[in-house]
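Have a go at each before reading its solution.

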Amino acid sequence: MSSITLALSKGRIFEETLPLLAAAGIEPTDNPESSRKLIIGTNRPDVRLVIVRATDVPTYVQYGAADLGIAGKDVLLEHGGAGLYQPLDLNIARCRLCVAVPRGFDYAAASKPGGRIRVATKYINSAKAHFAAKGMHVDLIKLYGSMELAPLVGLADAIVDLVSTGGTLRANNLEEVEDIMPISSRLVVNQASLKLKRELIQPVLDAIAGAVK
Amino acid sequence: MRWVLPDHIQDALPAEAEKLESLRRTLLDAFRAHGYQLVAPPLLEFLDSLTTGAGQDLKLRTFTLVDQLSGRSMGVRADTTPQVARIDAHLLNRSGVARLCYCGSVLHTLPSTLTATREPLQLGAELYGHAGLEADIEVIRLLAEVLRLAQVPASRIDIGHVGLFHALAARAGMVPEREEALFDLLQAKDVPSLREFVADVPEDVRAALLALTELYGDATVLDEAARRLPQLPEVGAALADLRALAAALGDLPVSFDLGDLRGYHYHSGVVFAAYGSASPAALALGGRYDRVGQAFGRGRPATGFSLDLRELALRLPDAPAAGAILAPLQGDGELAGEVARLRAAGEIVVSALPGHEGTWREAGCDRQLIRRDGCWAVEALQGE
C-alpha cells in the first residue's frame with residue numbers, strides 16, 4: 001500500500017545513480033533520455049522515480065512530493081536544506097565550485113581587503129558566503145547559464161561556477177583562481193517520510209550506502 | 001496587487017473559521033477535563049523575556065518593534081511556551097504541579113516550512129513542577145488524545161532525548177557557537193558535513209556523534225545506542241528514560257530518533273514529535289525544558305507540547321454547513337418567543353431584513369419560519 005518516490009535529474013546524475021539503485025535492487029523500466037515520461041516506474045511496484053530539474057530536487061523532497069532525492073551539494077547549499085535529512089554523500093557527479101577570471105586578470109590584487117569586484121554566478125548563497133568569509137565586498141549578478149560569457153563581455157570581473165574538467169574555462173580563455181569547495185551529489189530524505197516509511201526507505205538507504213565508492 | 005495579503009498570511013473564511021473554532025473548543029475542553037488551566041499571555045512583550053533561554057533560531061523568528069512608552073525592544077511572540085513558563089515561574093509561584101494550556105496566534109518572521117503559515121494558531125499544554133517521567137508520559141498521552149479528537153490520529157510519535165546531545169557536546173568541549181552548528185548538522189542528519197565538523201573531536205565522542213545520526217527506529221535502537229555510545233552517566237540516564245517511555249507507551253505508535261533534537265534549543269530532556277499520515281512535516285512538537293524557568297528566577301521541571309491548529313483544521317473533512325432559518329422581521333407576539341426557542345435549541349435564526357428577497361439562500365438559509373394554521377412552523381425555504 002505504501003510506496004516511495006525518488007526525485008532526480010536526468011543526465012550525469014541519473015547515469016551515475018543507476019549502479020547505486022541496482023545495488024538496492026531497483027531498476028528503472030524506462031530511460032529518461034529516450035522516454036518523455038516524467039514519472040518512471042521500476043522493477044519494484046513500490047518504488048518510482050520522478051525526473052525533475054536538478055535545482056528542483058530539494059523542493060520536491062521538502063514538500064514530500066518525493067520521499068527521497070539525489071541532488072548536488074551546490075544545489076542543496078542554495079536551497080538551504082530546510083526540512084531535509086542529508087545522510088549520504090554518494091560520491092557521484094563530482095566537480096568543484098571555483099572562482100574563475102579571464103586570463104591575465106590580477107585576482108590577487110582585486111581581492112585584497114577593501115577591493116570590490118563584480119561576480120556573476122548561479123550560486124548566490126555559496127558565493128556570498130565564500131567572499132564574506134574572506135572579508136571581501138562583491139557585487140553578485142545572478143545568471144542562469146553560460147556564466148563563462150559574463151567576464152568576456154564586461155558583465156562581471158569573475159565568475160563562481162562548477163568546474164569538472166576545466167575545458168569550458170580554457171575554451172573561453174578563463175582560468176581557475178580559487179577553489180571554494182568540492183561538490184558531489186547527496187541523497188536527501190524528507191524528514192517525515194523517514195519517520196513514516198522507515199520500513200521501506202531504510203533498506204534502500206543501507207543498500208545505497210553499501211554501494212557508494 | 002490591491003488587497004492581497006502578505007506571503008504566508010491568510011484569512012480564515014466562514015467554513016474554515018468554523019472548523020478552527022469548533023476544533024479549538026473541543027481541544028480546550030479536553031485540556032480542561034485533564035486539569036489544564038487556560039492562560040492567555042499577551043501577543044507581545046519585552047524581547048528579553050520572550051526569547052530568554054532559547055536559541056538563535058527563535059530570536060530570528062520573532063518580529064521585533066520598539067515600545068514607544070519605554071524605549072525597550074518588544075517582540076511579537078513566535079512561541080507561547082516561554083510566556084507560559086514565565087507565568088508559572090514568576091506569577092503563579094505554586095510549589096506543586098501546575099498544568100496550564102493556551103491557544104492563540106503567534107507570528108513567525110519566516111515560515112517554518114514551505115507551505116506553513118507565518119501566523120500559526122498555536123495550541124498547547126504545559127505541565128510544570130514534576131521532574132519524573134510520569135509527566136512526560138502524561139503529556140505524550142495527552143498529545144495522542146488531542147490528535148485523536150482532531151481526527152488526525154498520530155501515525156508516529158517520534159521520541160528523542162536532548163540530554164544525549166548535551167552530554168556528548170560537553171564531553172567534546174564545544175564552545176556554544178560550535179555547539180549550535182553541531183546541533184544544526186545533527187538535526188539535518190548531514191553525515192558528510194558532520195564528519196568534517198567533528199574531525200578534531202576525541203575519537204570516542206566523534207564516533208558517538210556520528211552514531212546519533214543512525215540511531216532511529218523502533219525500541220531496539222535503544223539497545224544499539226547502549227552499545228555504541230560512551231558509558232557516561234548522562235547517557236545512561238537518558239537511555240534509561242527512553243526505555244521506560246518505550247515500556248509505558250507501548251500502545252501508541254512510538255518510535256525513537258536519538259539524533260532528533262527538535263524545538264528551539266531550550267529543550268533539555270525527552271523531546272517528541274507527532275506525525276500524521278501524509279504530512280510532510282511534524283504536526284506537533286514537544287518536550288522537556290527544565291531550564292527555562294530558571295531564567296525567570298525559579299527553576300521548575302517543565303514539559304509540554306504545542307501544535308498549529310490551522311494545520312489540523314486543514315485536515316478536517318468539510319462539515320456540511322448548518323443551514324439557517326429565515327424568520328420574518330415582524331410577526332405576532334408569539335414570533336419572538338418562537339425565535340428564542342429555536343436559537344436556544346442550537347438553530348441559526350436570521351431575520352429577513354427588508355429588500356433582500358431572493359438572496360437568502362446565498363446567505364445560508366435553507367428553511368423559513370412561517371405562520372401556518374395559527375402557529376409558527378419551520379418549513380423548507382420557498383421562492384428564493
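Below are two exercises, each with a worked solution.

This is a predicted model, where local features need pLDDT of at least 70, side-chain atom pairs count only at pLDDT 80 or more, and totals for chains, interfaces and linings use all residues. Residues are numbered from 1 along each chain as its sequence is written, chains are lettered from A in the order in which they are written, and side-chain values use heavy atoms, leaving out hydrogens and water.

**Exercise 1.** Find which residues touch the most other members of the largest nonpolar core.

*Solution.* 
- Step 1: look for buried (under 20% relative accessible area, 1.4 Å probe, protein chains only) Ala, Val, Leu, Ile, Met, Phe, Trp, Tyr and Cys residues joined through side-chain atoms within 4.5 Å.
- Step 2: the largest such core has 75 residues, and Phe31(B), Ile159(B), Phe305(B) and Leu307(B) touch the most other members.
- Step 3: helix α5 (residues 133-149) of chain B, a DSSP run of H or I with at least four residues, gives the most to this core, with nine residues.

**Exercise 2.** Work out how α6(B) and α7(B) are oriented.

*Solution.* 
- Step 1: helix α6 (residues 162-171) of chain B packs against helix α7 (residues 176-187) of chain B at about 135°, their axes 11 Å apart; axes are lines fitted to C-alpha atoms over the stretch in contact, with angles from 0 to 180 degrees between N-to-C directions.
- Step 2: so α6(B) is oblique to α7(B), oblique being what remains after under 35 degrees (roughly parallel), over 145 (roughly antiparallel) and 65 to 115 (roughly perpendicular).
- Step 3: Phe165(B), His166(B) and Ala169(B) in α6(B) meet Glu179(B), Leu182(B), Phe183(B) and Leu186(B) in α7(B), with contact meaning heavy atoms within 4.5 Å.

How values were computed:
Buried < 20%, exposed > 50% of the residue type's maximum accessible area, 1.4 Å probe, protein only. Helix = DSSP H or I, 4+ residues; strand = E, 2+ residues; numbered from the N terminus.
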